[in-house]
Amino acid sequence: MATVKKSVAVLGLGSMGAALAEALLAAGHEVAVWNRTPGRAEGLVARGARRAGSVAEAVRAGEIVLVCILDYGDIGPLLEQQGGGREALQGRVVVNVTNGLPEEARAMAERVTALGAAAYLDGGIMAVPEIIASPEAFVLYSGSREAFEAHREVLDAFARSVYLGEDPGLAPLHDLALLSAMYGMFGGFLHAAALVRSAGGPVAEFTTTLLQPWLGAMAGGLPAMAAQIDSGDYTVTGSPLAMQVAHDSIGEVSRAQGVSPDLYAPLFALMERRVADGHGSEGLAGLVELVHPR
């Protein structure tokens, strides 16, 4: 089916905003762009975007207003003051992909609809600018289901679109949950890399030949752990917590090799605490009860 051409105003042309605008142009949509530093629009204008001299001009040019700026706190004033307020936003769909907190998303939804916007979607971009419009990228959305369905073809120009529900706070919550898992993985990697380096080993070779396959295999167990968390039954038949904390071998070798245990020690401390609380027969999934009790 042919793409239904729609008009989109893109506010903010940092690396991500520019990548989103480029994807929209490539998909055949009409794009108006605005940035505090006007020079950043040059390349996009050369590829067919319309340069807006103000936020209000950009907003009036788009049935969809895509906001991608650095600070969530700047969005309201940007739309209320520079954006022309109620008159300019009347009937528009605001899609905000600025990083923020769930409560900020909920407050922003109320704020833009009070200004006359027809609907609000909050988005969490799970990609770096370089992979926008590639199969690896996806974007989380929450807020107006009607707006999401009506404009999904536009949103799909960026990446695979994942709708989470009517609560605008769901996209930022899931965005931050995914990032927390990512940082946990990176923390484990950095500790492992420090151990290998402390023995004079090549970290790159260790990573490609041993660590990546190992982490891939371990990731296969995540769905089973997730099912335990949903059910509340953390019993395991192999590798119970009591066995895992019998000796702090990782901490011992780290200290012996001159590697700080700061990245690893907090998790081990939680494991010890769960065992001390009488849950030594459980697996790692039971630690969730220490960070978020039922």
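## Basis

Residues are numbered from 1 along each chain as its sequence is written, and side-chain values use heavy atoms, without hydrogens or water. Because the model is predicted, local features need pLDDT of at least 70 and side-chain atom pairs count only at pLDDT 80 or more, while totals for chains, interfaces and linings use all residues.

## Sheet

Eight strands make up an open, mixed sheet, ordered β3-β2-β1-β4-β5-β6-β7-β8. The edges are β3 (50-51) and β8 (160-163); each has a single partner strand, so one side of each has no neighbour in the sheet. Strands (E, at least two residues) and helices (H or I, at least four) are DSSP runs numbered from the N terminus, and two strands pair if DSSP finds at least two bridges between them.

Strand β5 (residues 93-96) pairs in the parallel sense with β6 (residues 119-126) over four bridges; valine 94 has tyrosine 120 in β6 as its bridge partner. Helix α6 (residues 102-114) packs on the sheet and touches β5 and β6, at about 145° to the direction of β6. Such angles run from 0 to 180 degrees between N-to-C directions, with axes fitted to C-alpha atoms, for helices over the stretch in contact.

The β6 and β7 pairing is antiparallel, over six bridges, whereas β7 and β8 run parallel and are joined by four bridges. Phenylalanine 138 of β7 stands opposite methionine 126 and has arginine 160 as its bridge partner in β8. Five of the six residues of β7 (residues 138-143) are buried, so this strand is largely enclosed by the rest of the structure. Buried means under 20% relative accessible area, exposed over 50%, and partly exposed in between (1.4 Å probe, protein chains only).

## Nonpolar cores

A nonpolar core is a set of buried Ala, Val, Leu, Ile, Met, Phe, Trp, Tyr and Cys residues joined through side-chain atoms within 4.5 Å. The largest has 38 residues, of which Val10, Leu20, Leu24, Val33, Leu66, Val95 and Phe158 touch the most other members. Helix α1 (residues 15-26) gives the most to this core, eight residues.

Beyond neighbours within four places in sequence, leucine 20 contacts (heavy atoms within 4.5 Å) Leu66, Cys68, Val97, Ile125, Ile132 and Phe158. A second, separate core of 24 residues includes Leu11, Val94, Ala109 and Ala117.

## Largest pocket

The largest pocket has a volume of about 1900 Å³, the space filled by probe spheres set on grid points joined across faces, edges and corners. On a 1 Å grid over the protein atoms alone, a pocket is an open set of points where a 1.4 Å probe fits, with protein on both sides within 12 Å along at least five of seven lines; lining residues have an atom within 4 Å of a point.

Of the 44 lining residues, Leu215, Met218, Met225, Leu267 and Leu284 are the closest to the centre. Helix α9 gives the largest share of the lining, nine residues.
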